Each structure stands twice: as structure tokens, then as C-alpha cells.
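Hi everyone, thanks for coming. Please have a look at the sequence and the structure, and then I'll walk you through a few places in it.

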Amino acid sequence: MQTNIPAKRQLDPFALPSETQVRFNLLIVAALALSCLFGYVFIGLVGEPLILSPDEEISIAAEMLQKLNQTDQLEAVLEEISVVFGQRFLWSLFELGGICIYVLIVFGLAVAIYRRHPIRVRRQQNLQLFDPNKDLSFYDAIQNLINDTNISPIPTIEMNKTSKINGLQNGLAFGIDQHPALGLTAGVQLQFLKEPLKFKGFILHELAHIFNGDVKRTYLSSAIWLSFVLLGIIPMIIYIAITFAQNVEQNLKLIEAAGVSRIHLITPQFLLLCFQISLTLAIVTFIRSSLIRTRELYADWRVAWWSTKIGKTLADRLQTILERKIVSAKQAEVKNQSGTINPGKNSREIIKLLKHPWRYHPSVQKRWQALQDSTKLFQIKGDLSFLAGVLMAYVLAGTTVLGPLVSGTVSAGAISLIFVMAQWVIASNSVIVLFIVSLASLILFFVPLLAMVAVLFIPAYFIAWTIGTQVQRYTLETMVNNKTKSYRRLWQPAILITLGVFVGLITMPISVYQPHLSQTFLPFLGWMIIFVFVTWLWLSYVHFFTKRILGKHTGASPPKGKRILLNICATILLWVLYAPLILGAMTIVLQALNPSPSSLSPEMSRNFILFWIIANLVLLVIALLVYIFAFGFTWLATKISQSKGLKCPFCQQITTQFYAVGQVCEHENCNRDLAVWVYADSPTSYPKTNSEPENEQLKI
Amino acid sequence: MWTETSAGREIITEFSKDVVSKVANEELPLFDEMVEEYYQDPAPPDLTHQASDDPLGSGLESTLIALTPAAMAMVSAIVTYVLTEVLQAVQEESVQAISKKIKEFFNPKKPQPITKEQLKTIWDVAYKKAREYGAKRDEAIQMADAMVGRIAVAK
């Protein structure tokens, strides 16, 4: 394998979807999963239990079978059965519809809050449209920067009318869709006069937020968070409080009547639920604040990305702003340390540390380091792995509740339809009708299964996309910097994802899993070890094929289509690998519940559990076999599609090199980057493609 | 007080502009607005400001100290000192009379009967006031020199 490795270069953070987008997707899926779960609880307050117990299911089925066997009035029985299932279908549809409406209300409120944010921001910041005649050179300077960055639509310039020129220099980007805006304090006018290059760096940073799509993500994530708190957390707290009060009241009656108290059972449950609600809120808040924090790093890098096209001046100036801040922060620290002992200092430090995960801006030092070395943005972040695990738990808990509901609703409707069609067969007495009905019944049989698959696939795609994108970034970095032991390093995110799943399961309020973990800790420990291994397998798959698919992509434009294909394959594999684990978790829970349907004998109920365990092991083996098959199939497919070898985008000759990323063309008269798209400081003198970035040619 | 009359403000503004043109020429396009800001709120700027963690903010906020308000405060302080300690102007004197005295005192072509100690005190007042309003050490020295440079000492 030829290795022509150029000197260390800066990777382009925008070659793949940014971490900001990843965290935003994480927030959306978390909010969706939690809204479904909360909606299930709230709708349950209105109607009957949504899912019948195994006892009830078996007894209804047995009753139906008995009627079918014993009666000679077949049509009447068929009609009765179709009506029963029809009613079940309608009721389940009502409850499912109720949950969907609740979710739509939560997200609808979020959208409404988001769309009103320009009005709120203008009111809070006292903004008014800046009159160019007040300071024409200042206005023109901003317009020139806007023109140079080719931002479209052009943002309006608004000024805080109560701010002072001799005051804070600050700004923010906001606005909806086609109406972006820059809100500035009057101090920015002074900065324009006294520190013109820093002024440019500052304005470009704000423009970068608009260009990167941060405005929508920031305000929408804040809106989703607020909507979730107003319509999810607060009602849930009220519901728990009322339930607790009712239980206390019943307990008092119990004491009065029988001298027995259950307060020692009720109170810990109540406290646990409160703790879980608080933790859920903390996790969602953390996702939101981490998103807002991450966007700053990418905005800084967008300025640097623009600057590399015309020289390094502006990137240097942004670094200068950050350097000065670090120096002044360090000076303040030294001054504090050399002064008298401050009794309040320790408590302030503790508060600062506690607030740290929820702060909205990264430290100045971190911003500076990311600007100097973009590989910092290509690591698999520990907190992201952990949050993805928590998200998986939310989706798992939601699926366990909603999956059977969706499947039950669809199957009730399908069964009702089948029995209606069966009446038609009897009435028509036609072979053709029998054939059609049989075919339709066969199709309808698979509809509930397909509904379950759809319920699982969509969140699985988001989860695969979230972690998958991080692994892709990590892979590119290891390729460019020629790092070894890259597979070994995937154990860390695998462990963190698993920990996240565990924490998510036990902290998820009103979850079928969490009350039983104290009784089933050991089985769950075994389950987690398997989960880590399976997750590592999945991460390795993504890593391996990122190298062989994205790592072989040449040219200037990032491999968008290939990435989507890889994500789809990774999603399917994720689902296949985790399906037996999901069933395994349910088995552990069932064990704790000790479900012995009263209609089954003790021997049959023991076999029932044993059946599930064996079934899970078999499914795990099947999943591993499918993994090997999927791995082999994908490997073969990539081998065949890449059989022609790599073509250099500059000299157009075929090279013998195995990878493109991190390599220069082996031909002596060329020696140019094979994968220009990976680097931030690439020249633009190469054959242009249709998907060329538009902001290549800048002039300031 | 004379410094709060329109004549007094006019002279203080004129002297301040002269100082700013020597020390911070780039601020002249915004000079008038900053003078207006100063008169609305003459208090010194908050030099201990730390960047807040506002989710809407940029995280890059900073406070750049303008020298115009510092010059205004410095000139006001010097003029007040000169009036009360050097010229010993009395309140009964007319605004026009005081204005004339001040203009003559700060006219470099007209030597004044002022001692070296008084000149040093004027410089110290100027320097301290400039520093109080956020000027850096070098800038405060330049500003004090520019103002004191307008005073001609009689031999």
C-alpha cells in the first residue's frame, strides 16, 4: 500500500455534518421519545389501560376459539369477533391518536415559541433597525463583510438603542428563515473605529452563526426545551404530587380502618419519581446547553474557513481576541490567589463547577485550542456517547410501551378486517373471493410486524446517524494523522453508550424497566457486558467501512450520498444487533414480574421463561451471524464498486493507493491531495464539480 | 456650577476634543455621541465587567474603553480644580467672566502665574481621573500631558 502522507494539515470541520447538528438531532429524538412516554401516561389518565395483560389476551383468544368450534352459527360468531376487535381497534386508535396529538401539541408549541423569538429578542435587547446615515462607514463595513461571505438572505442590522458606545461590545444573530438579523450593541461602533480587524472577526463570527444554520437550531432547541417543561415536566410533577396525595389519603384511611400503614412504601416511590423527573430535565437541559456551546466552536471555525481563502489575517485576529481573554482571565486568577484568603471563594468555585456542564459557551481556552487544531472537533466526545446511550434507553422504554400499542392497534384493525372478509367469503360462497381474502389476510398478518419495524427504524436511524457521524469524523482523523489502535479506542464510546443506556433505563420516569433493576441487577450486569461487546462490534463496522467508503472518496466535495448509504446500512445493522438485546432486557423484566398467567400451570410458566431465554440466545447468535453476513456483504459490495481504483482529481490518472484520505497522488508530476474535501486549507485550483462550495472566492 | 452651564460644557467639550484628537484620533467620528452619553451618565465605566453566559450572547463580549469620556471627566476635574484652587473664582462672578478666565488660563500663548507644585497637582488630578475612567497608564500620561501642555507657566 502506497503511503504518501503530506505534512500535518488542518481538517475541515465542515467536511461532515457538524457536532451541532448531531446534538440537535439528539435533542429532537429525546424530546420525541419523552413526549410519547409522557403522552402515554397522560392519555392513560383519560381512558382504560391501553395494553391487555397476557392473562386477558389469552382468555379472549380462548373464548373466541371456543365459540368458533362449538357454534353452528358461524357468521354470527364471525360478526361478533369482528365487532370486538373493531372496538379494540377504535379504542386503541383513539389512545394512539391521543398520544400523537399530545406530541404534536408539544412540538407545535415549540414551533410557535420559536417563530415568535424575533419579537422576544427585539424586546429583551431593545433593538431597532440601524439607520445607515448615523454612521455610514460602520454600516458599509458590515455590508461589505456580508457581501464577502455570500450569505443569503442578507441579514438586517439592528442596534440596542439603550446601549452605550462606551460600553459592552456584544452581538447576536437571530431571525426566522428568510429574515435573519444581526443585533449589536453600540459598543461595536467603537470597536470598528479602534480595533477594526477585531471588529471584522467579531462580525464574521456572528455571520458564521447565520451561515452555519445555528440560529434555527439554537432558538428551536430552546423552544423545544421550554415546551417540554411546560407541557411535560410540570404536568408530570403535578400528576405525581396528586397521586402521592391520594395515596397518603388512602393510607390514612387504611390506618384508621385496619391500623396498617404503607407510607414506608409510598414515600420512597414518590421521592424516586421526583428524582427521576429532575434527572430527566437535567439531561434534556444538558443536551440543549451542550448544543449551544458546541456551535461556538464551529462558528469560530467558519470564520477561519472563510479566512483561509484570502489569507490568515482574520483567523489570527479571532485568535487574538481569544488570546487576550485567556491572558486577562489568567491575570485575574493570579490576582485572586495572591490576595487575602476569600472565605466565599471555595463555594464560588463549587458553584462554578456545578454549573459547568450547563454553561452556554465553551471556555476561551477550549475555543482557542479548537481554532489552532481542528482535530479537537474530530474526536468521539464522551458526553455525546453517554447521551446517545441515554437516548437509546428513552427510545427503548418508549418502544416497549408504544410498540405493542401501535402493533396492537394495527393488529386489532387487521384482525377485525380479516373476520369481516371471512363473512364475505361465507356469504359469497366463491373460490375467487376465498383466494382474494386469503391473500389479503396474509398481507394483513405482516402489517403489525411492519408497524413495529417502522416504530423501531426511525429512532434507530437517528441514533445511528448521531454516533455514526462521530465515528466517521474520528475515522477520518485517524486516517489523516496515521493513528494506530483505532479499533481499541472504540471500547471507550462503547462502554459510555452502555452506561448511558443503563442510566437512562433506571432514571426514566414511569418506565417498565426501572422498578425491577434492584431485583435483577446481576442479570442486567451480564446484559450490559453483552451490550458493550455488541456496541463495539457496531462501532467497528462503521469505522471499518468509513475507511473503505469515505476514506476512498476523492475530489473537492464531501461524499454526501456515500455517507447516507453508510448510515442506512449502519441503521439496519444497529436494529438487527440490538433487537435481541431489547428482547433480552424485556426477559429480565418479565422474570422480575414473574408473569405466571393464571391459565398456565407452574411448569408451563417456568418453560415460558426458559423459552424466552433460549429464544433470546438464539436471536443473539442469529444477530451475530447476520452481522458477519452484513460485514461480508458490505465488504464485497465495496470491493466490486471500487475495483477500478482511485482516480486523482488533479492529474486524472488512476493510482495504486488504497486510500485517498490523508494521501497525495503518487504520480511524480502531480503530488496533490487525493481527498481535498477533508482539508480546511485546500486550494481551489482543481476541476470544479456541481456541488462546489459557493463561498470559495472571498475578497476583503 | 459653571461646569454645568452651557458655556462651561462648551469649553470642556472643546478642550476634550483637543485631547482626543491628540491621543485617540480614531474616536473623533463618534465624539459628539460619546459626549452626549457622558452628560447623560458621567459615572466611570464598570471596569470589572466579566463576560456573562447568556445563551443569546456571542461569548466574545468585551468592554473596550473609549478615551472620550475619560477626556471629558479629566477636563472637568482639571477645570474645577483650576477654578476653585488656582483662580479662586467666586460664585458671584458671571458665567462669561469665568469662561474668559478659563480660556485665558488654558491658552498656551498666555503665561500664567502658577507654581510648579500647582502644575504637578493639576497633572496628577488629570492622570488620576483618566485612570479612573479606564485609560491605560500610557494613555493617561498622554492625556494629562496634552491638557497640562495647554498651560504656559510665567517665568
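Chain A has 18 helices and seven strands; here helices (H or I, at least four residues) and strands (E, at least two) are DSSP runs, numbered from the N terminus. Please keep in mind that this is a predicted model: local features need pLDDT of at least 70, side-chain atom pairs count only at pLDDT 80 or more, and totals for chains, interfaces and linings use all residues. As for bookkeeping, residues are numbered from 1 along each chain as its sequence is written, chains are lettered from A and ligands numbered from 1 in the order in which they are written, and side-chain values use heavy atoms, with hydrogens and water left out.

How far can we trust it? pLDDT is the predictor's confidence in each residue, from 0 to 100. The average for chain A is 79, and 78% of the residues score at least 70. Among the elements, β2(A) has the highest mean pLDDT, 95, while helix α11 (residues 345–355) has the lowest, 58. There are also two stretches to treat with care. Over residues 595–599 of chain A the pLDDT stays under 50, and the model has 11 contacts beyond four places in sequence for them; contact means heavy atoms within 4.5 Å. Residues 683–700 of chain A also stay under 50, with 35 such contacts.

Now the overall picture. Of the 700 residues in chain A, 49% count as buried. Buried means under 20% relative accessible area, exposed over 50%, and partly exposed in between (1.4 Å probe, protein chains only). The accessible surface of the chain comes to about 33,400 Å², and carbon and sulfur atoms hold 66% of that; these areas come from the Shrake-Rupley method with a 1.4 Å probe, and for residues only the protein chains shown count as cover. Among contacts in chain A with a separation of 6 or more, 80% are between residues 24 or more positions apart.

Which residues make the nonpolar surface patch of about 660 Å²? They are A:Trp424, A:Ile432, A:Phe435, A:Ile436, A:Leu439 and A:Ile443. Like charges are joined within 9 Å, and nonpolar side chains (Val, Leu, Ile, Met, Phe, Trp, Tyr) within 5 Å. Helix α14 (residues 431–480) gives the most, with five residues. A:Ile432 lies in that helix, and it counts as exposed because its relative accessibility is 61%.

Past the end of α14, A:Ser486 sits in the loop between α14 and α15 (491–507). Buried or exposed, this A:Ser486? It is buried, because its relative accessible area is 4%. Leaving aside residues up to four places away in sequence, A:Ser486 touches A:Tyr474, A:Thr478, A:His543 and A:Lys547.

Last, some backbone geometry. Most residues other than glycine have a negative phi, and most peptide bonds are trans. A cis peptide bond joins A:Ser152 and A:Pro153, with omega about -5°. A:Asp177 is not a glycine, yet its phi is positive, about 45°; A:Asp177 is in the loop between β4 (171–176) and β5 (179–184).

Terms used. Patch = residues over 30% accessible without salt bridge, like charges linked within 9 Å, V, L, I, M, F, W, Y side chains within 5 Å. Salt bridge = Lys/Arg side-chain N within 4 Å of Asp/Glu carboxyl O.
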